[in-house]
Amino acid sequence: MDSQAIWCVLERVPDPEIPVLSVVDLGIVRDVRDGRVVITPTYSGCPATQAIEQAIRAELDSAGFRHIGIDTVIAPPWTSDWITREGHDKLKRYGIAPPSLDATAQCPRCGSFDTQEVSRFGSTPCKAQWRCKDCLEPFDRFKCH
């Protein structure tokens, strides 16, 4: 089994909610071992879990890896710490502030830290709605989990 080739295939699988991120960028893919791809959804009730599994299956099959299985595990639970550095950069370029423990978010549009949370609930359960006080633009901030 060529695990490096499988990782390359998985990097082409976009997250259905944030398509600029791959499932690898988002840290959903935990491991490739023993003929299996191990994935963890971002949370146990994530509505995209089945779509992600199907997209991974389709990409593996089209690359000639039909024999590779997919295991979904929920322990340990996914954490936003698993988002790659490249994933953080892609979020920011897409207009979403990456997760951070900082009390304020950096505006992904103008770079200002003069921002405020508008609502703990954003466009998806994993994001909160923020606004920049300098450029006045709204933006999502990925929540820390």
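Let me start with serine 80, which sits in the loop between β3 and α3. Helices and strands here are DSSP runs, H or I of at least four residues for helices and E of at least two for strands, numbered from the N terminus. Before going on, the ground rules. The model is predicted, so local features need pLDDT of at least 70 and side-chain atom pairs count only at pLDDT 80 or more, while totals for chains, interfaces and linings use all residues. Residues are numbered from 1 along each chain as its sequence is written, and side-chain values use heavy atoms, with hydrogens and water left out.

Is serine 80 buried or exposed? Serine 80 counts as buried because its relative accessibility is 4%. Buried means under 20% relative accessible area, exposed means over 50%, and partly exposed is in between, with a 1.4 Å probe and protein chains only. Leaving aside neighbours within four places in sequence, serine 80 is in contact with Pro99, Lys143, Cys144 and His145. Contact means heavy atoms within 4.5 Å.

Isoleucine 74 lies between β3 (69-72) and α3 (85-94). Isoleucine 74 counts as exposed because its relative accessibility is 55%. Not counting residues up to four places away in sequence, isoleucine 74 touches Thr40 and Pro41. From isoleucine 74 to threonine 40 there are 34 residues in sequence, but 5.6 Å in space, C-alpha to C-alpha. Proline 76 is in the loop between β3 and α3 as well. The peptide bond leading from alanine 75 into proline 76 is cis, with omega near -5 degrees.

Next, the sheet that β3 belongs to. It is an open sheet of three strands, in the order β1-β2-β3, with mixed pairing. Its edge strands, each pairing on one side only, are β1 (29-33) and β3. On average, neighbouring strands in this sheet are turned by 20 degrees against each other, direction ignored. Axes are lines fitted to C-alpha atoms, for helices over the stretch in contact, and angles run from 0 to 180 degrees between N-to-C directions. Helix α1 (residues 3-10) packs on the sheet, where it touches β1 and β2, and its direction makes about 150 degrees with that of β1. Helix α2 (residues 49-62) lies across β2 and β3 and runs at about 160 degrees to β3.

How do β2 (residues 36-39) and β3 run, and how many bridges join them? They run parallel, joined by four bridges. Two strands pair if DSSP finds at least two bridges between them. Within this pairing, valine 38 stands opposite aspartate 71 in β3. In the loop between β1 and β2 we find aspartate 34. Aspartate 34 has a positive phi of about 50 degrees, although it is not a glycine. Aspartate 34 is classed as exposed because its relative accessibility is 72%.

Now the other end of the chain. Strand β5 (residues 115-119) and strand β6 (residues 127-132) pair in the antiparallel sense over four bridges. Threonine 115 stands opposite cysteine 132 in β6. β6 also pairs with strand β7 (residues 138-142), antiparallel, over five bridges. Here lysine 127 has phenylalanine 142 in β7 as its bridge partner. β6 and β7 form a hairpin with five residues between them, and leucine 136 in the turn has a positive phi of about 65 degrees. Leucine 136 is exposed, because its relative accessible area is 56%.

An unreviewed UniProt entry carries the annotation "domain: PaaD zinc beta ribbon" for residues 102-143. UniProt positions are given in the numbering used here, feature names are shortened, and annotations may be inferred rather than shown by experiment. In the model, residues 102-143 are 0% helix and 38% strand, and the end C-alpha atoms are 11 Å apart.

Last, the two domains. The chain is divided into domain 1 (3-81) and domain 2 (96-142), with bounds from an automatic or database domain assignment. Their C-alpha centres lie 27 Å apart. Six residues from domain 1 and seven residues from domain 2 make the contact. Between them the domains bury about 480 Å², 80% of it on carbon and sulfur atoms. Buried area is the accessible area (1.4 Å probe) that two parts lose on being put together, summed over both. On the domain 1 side, Glu17, Ile18 and Tyr43 lose the most area to domain 2, together 65% of what that side buries.
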